[in-house]
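I open this notebook to record what I looked up in the structure.

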Amino acid sequence: MASAAEQLAANLNFSAFAKAEDLKKRIWFTLGALLVYRLGTYIPLPGLNPEAFAQAFQQQAGGVLGLFNMFAGGAVERMAIFALGIMPYISASIIMQLMTSVVPTLEQLKKEGEQGRKVINQYTRYGTVILATMQAYGIAVGLESGNGIVVDPGWFFRISCVLTLVGGTMFLMWLGEQITARGIGNGISLIIFSGIVAALPGAIAGTLELGRTGALSTGLIIMVIVIAIAVIAFIVFMERAQRRLLIQYPKRQVGNRMFQGDSSHLPLKLNTAGVIPPIFASSLLLLPATLAGFSNTTNLPGWATTVLATLGHGQPLYMVFYAAMIAFFAFFYTAVVFNPKDTADNLKSHGGFIPGIRPGERTAEYIDYVLTRITVVGALYLVFVCLLPEFLIAQTGIPFYLGGTSLLIVVSVTLDTVAQIQGHLIAQQYEGLIKKSKLRGGKRGR
């Protein structure tokens, strides 16, 4: 049965949106910030030979660089000031999440509420600077090793490259925080979202051009469009799916009156890990090919050449490893971000319990039991969505992804942003109802 908030959201209309002045300001601020980000992806690093770099990038586009280029909105392909993108911040955030589960001091900070969260965020920023500096220096050295990519190699180029790339990442981190605070939606996610979506028109145009020239049949293009729509609908359904555990609260007595105990639900998402498992799996699988590409492949031993060939896109061994690593990271990251024992302790401290399950350790075991089984379904869902484009590319030669990590990110961010917009509209309608009731009360008082 739909909740009151869901029923109210269903009744929202364009007139309510037209009256939401604060929401419109937030949307315009978000669009302006994303426009600044897109402009930055076209400002190249100084001291580079664009033609030489473009040629070198094409040779590595199928490796990790291609994956990072997708997340950076094409900035890596142009080696722009935002080439590092927001990935160092995401990596630092994931590392901090892992450390809060291992380091007792950080675990205690996590339990201190808002103040502890601010300290952890500050540590995340420091980690972002360190990771971005290391990656930027590696990029500078890698660019210098290329044939004619850097016009004037040396320490001046390295220092300027590091400062520019690290500054670009820190600016994007600040921009994402500003979008979250003053705009609509999660700023970091929207930055990645805009980078992925920006490449979509060109990919669609390229596919239609292949259809016009006869390289792809019209029937195949129509079939791909139908599959894409079906996959998007499937992702929306699975991302909204959750298992709700009934939580009961005991009866309470106020004075001489006995009040019935309340009940609520503990929602457990089917895909608790989100898009992290495909990102990790893709990065690790593409790393060997990328490292081999930077080295001289003609000098590699025979076994290494065979391994690289079998780990290519569309190869059976690549599919098997990709599926296994997605499933592993789905369970691993779920265990990191969700602690059944802490949840059971919180329920016990507030007097809540699951009917038929004893509070405390038994409740933690039951929550872990349920979470493990729904994570199996979530992992299979991620494997299916991520392997589907691999099969399509291998069998039909379609030149761009129709599912996988990019589509998961786009759909997830869209759902989250729409939910926040609905939340703002619902809050405005409640405020309007409260104001009307106060005005009516004042008129009756007169």
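**Cysteines**

I looked up C161 and found a relative accessibility of 2%, so I count C161 as buried, the cut-off being under 20%. The model I am reading is a predicted one. I then looked up C386, which has 1% relative accessibility and therefore also counts as buried. I searched for disulfides as cysteine sulfur pairs within 2.5 Å, and the count came to zero.

**Helices α7 and α9**

I next took helix α7, residues 87–100, and helix α9, residues 114–145. Their axes come within 8 Å and cross at roughly 130 degrees, and α7 and α9 are therefore oblique to each other. I noted that the crossing of α7 past α9 is right-handed. On the α7 side, I listed P88, Y89, S91, A92, S93, I95, M96 and T100 as making the contact. On the α9 side, I listed I120, Y123, T124, G127, T128, L131, A132 and Q135. I sorted the residues of this contact into nine nonpolar and seven polar, with no charged ones.

**Helices α3 and α10**

I turned to helix α3, residues 21–40, and helix α10, residues 155–182.

Terms used. Residues numbered from 1 in each chain as written. Predicted model: local features only at pLDDT ≥ 70, side-chain atom pairs only at ≥ 80, totals over all residues. Heavy atoms only, no water. Buried < 20%, exposed > 50% of the residue type's maximum accessible area, 1.4 Å probe, protein only. Axes fitted to C-alpha atoms, helices over the stretch in contact; angles between N-to-C directions. Helix = DSSP H or I, 4+ residues; strand = E, 2+ residues; numbered from the N terminus. Parallel < 35°, antiparallel > 145°, perpendicular 65-115°, else oblique. Left-handed = near helix turned anticlockwise from the far one by under 90°. Contact = heavy atoms within 4.5 Å. Nonpolar A, V, L, I, M, F, W, Y, C, P; charged D, E, K, R; others polar.
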